[in-house]
Amino acid sequence: MIRSWPGIGAAGLVLLCLIGPLIAVFLRAGEAGFASLSLGAADWAALRFSVFQAVLSASFSTLLAIPVSRALARRRFRGRGLLITLLGAPFILPVIVAVMGLLAVFGRSGLLSDLLALVNLPPVQIYGLHGVVLAHVFFNLPLATRILLQAWQDIPAERFRLAASVNLTGWQSFRVLEAPMLARALPGAWLVIFALCLSSFAVVLVLGGGPKATTIELAIYQAFRFDFDLARAAMLALVQTVMVGLVAVVALRHDAGQAMGSGLDRVVQRWDTTPLTKALDVTALGLATLFLILPIAMVAIEGGMGLGQLPPQVWAALQVSLMMALASTFVTLALALPIGLAAIRHPRLEMVGLIGIVSSPLVLGTGLFLMIHPFANPMKLAFVVTAFVNALMALPFALRVLVPALKQSEVGFGRLADALGLTGWARLRFLLLPRARRPLGFAAGLTAALSMGDLGVIALFADPNRATLPLQMYRLMGSYRMEAAAGAGLLLLVSSLALFWIFDRGGRGHVEA
């Protein structure tokens, strides 16, 4: 067997790095006295806006996902697999790039405004609440669709056969079979997306549109970056942690269950298809595909025209982002592999790494600043801190794909390995690593892409003379150099997708045993 102590040590380090900053935030808030740090009017406004925009974003994302997921569940067509794969693209798409694409489509000088001008209508306004909600729907509609699609596919084929045999109409079939499933699956999907939108930062930073559209995360950034009010930033970080933590606990405790029991895993056949339902499904899939593809296509088109206007700082920022992404990937794998190996014998150990799901990068960054500040200048450690926080944020996803593969290898071949005397390094080299190569490659690609596009902690610590590519792109947008920002966006998009493809493709290569 593989020794567990490296994984236990790695899990302890992760726990320390996740809990330590929260303790630092709590202590800093307590030093000034919690009574004197009661939330002001602006803070309450930020809290209300955080909750309100998260409610709207989660509601629109899940409601719009119902017709899209239903169409995918009951239609078979050429390109269906590619479309389902496309639904995962927004997850690894850099937020700042997606926002630029949405501006190109829905902004004052975007495609939609140009079309409205043809009929003498005023341009649309994307900044503010509706812009934030639109961006969150762009990112979370695919996630909600994937969750509901899985729930739809969990309805046994025998239930649809039975419904057809008793001549249930389309509405009757929906009410008896699909509505109960939605009643169980929708709350869980809504809670997950609500928690994600509560801790959103980059979207609100770019599209927030002033004091009336400020979230708690953005208020932390402003208190830290502009006012350098560490006590207020700590208090707001504490509020954010409690708020997101409570929602995450409710989401994790929610059990969607299985609405219709088990079946014989037959292919689902539907007899409730009519020309109207087919037209509705085609419309839903067409609009969803256009909504997802058009902003990315606009980034590619406008970015291609702006590549010639890139300042030298963009290329320097690209090098910084690449080094940070590779460093984050190395740290994530260095933590995930020993924790995953130890989780074979100690399953609960995986939960330590999953704490990162409920952690806010901005809150962790604030806590790390408070911990480092008495001993060193945090600005000089900005890139080290950012790379490490990015690694911690990607660790839960890495563990979720790695641990099942390692456990399956032990279940399938553990006894044979014991009979052959494979232990320690030999067991890791010949049994576990070859069969974990694909999830390792996927986890590395996911970490690299997420880190490459991150605009979170680096916004707190960034040196004015140095920046990552997302931060440099944001600065170009802030100085209204939109052509150069579009070129930087295309560079960031290609770099993120390339890193993901290289690592993921490497994990899928042939393995010599």
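The following legends describe close-up views of a predicted model.

Residues are numbered from 1 along each chain as its sequence is written, and side-chain values use heavy atoms, with hydrogens and water left out. Local features need pLDDT of at least 70 and side-chain atom pairs count only at pLDDT 80 or more, whereas totals for chains, interfaces and linings use all residues.

**View 1. Cysteines Cys-17 and Cys-197.** Cys-17 has a relative accessible area of 16% and is therefore buried (under 20% relative accessible area, with exposed over 50% and partly exposed in between; 1.4 Å probe, protein chains only). Cys-197 is buried as well, at 1% relative accessibility. The whole structure contains 0 disulfides (pairs of cysteine sulfur atoms within 2.5 Å).

**View 2. Leu-207 in the largest nonpolar core.** This core has 149 residues, of which Leu-207 and Leu-469 touch the most other members (a nonpolar core is a set of buried Ala, Val, Leu, Ile, Met, Phe, Trp, Tyr and Cys residues joined through side-chain atoms within 4.5 Å). Helix H17 (residues 382–419) supplies the largest share of the core, 14 residues (helices are DSSP runs of H or I, at least four residues, numbered from the N terminus). Beyond four places in sequence, Leu-207 is in contact with residues including Val-99, Leu-103, Ile-126 and Tyr-127 (heavy atoms within 4.5 Å).

**View 3. Packing of helices H5 and H13.** The axes of H5 (residues 95–106) and H13 (residues 275–306) come within 8 Å and cross at roughly 95° (lines fitted to C-alpha atoms over the stretch in contact, with angles from 0 to 180 degrees between N-to-C directions). The two helices, H5 and H13, are therefore roughly perpendicular (65 to 115 degrees). Among the residues that meet are Met-100 and Phe-106 in H5 and Phe-291 and Met-298 in H13.

Notes
Angles under 35 degrees count as roughly parallel, over 145 as roughly antiparallel, 65 to 115 as roughly perpendicular and the rest as oblique.
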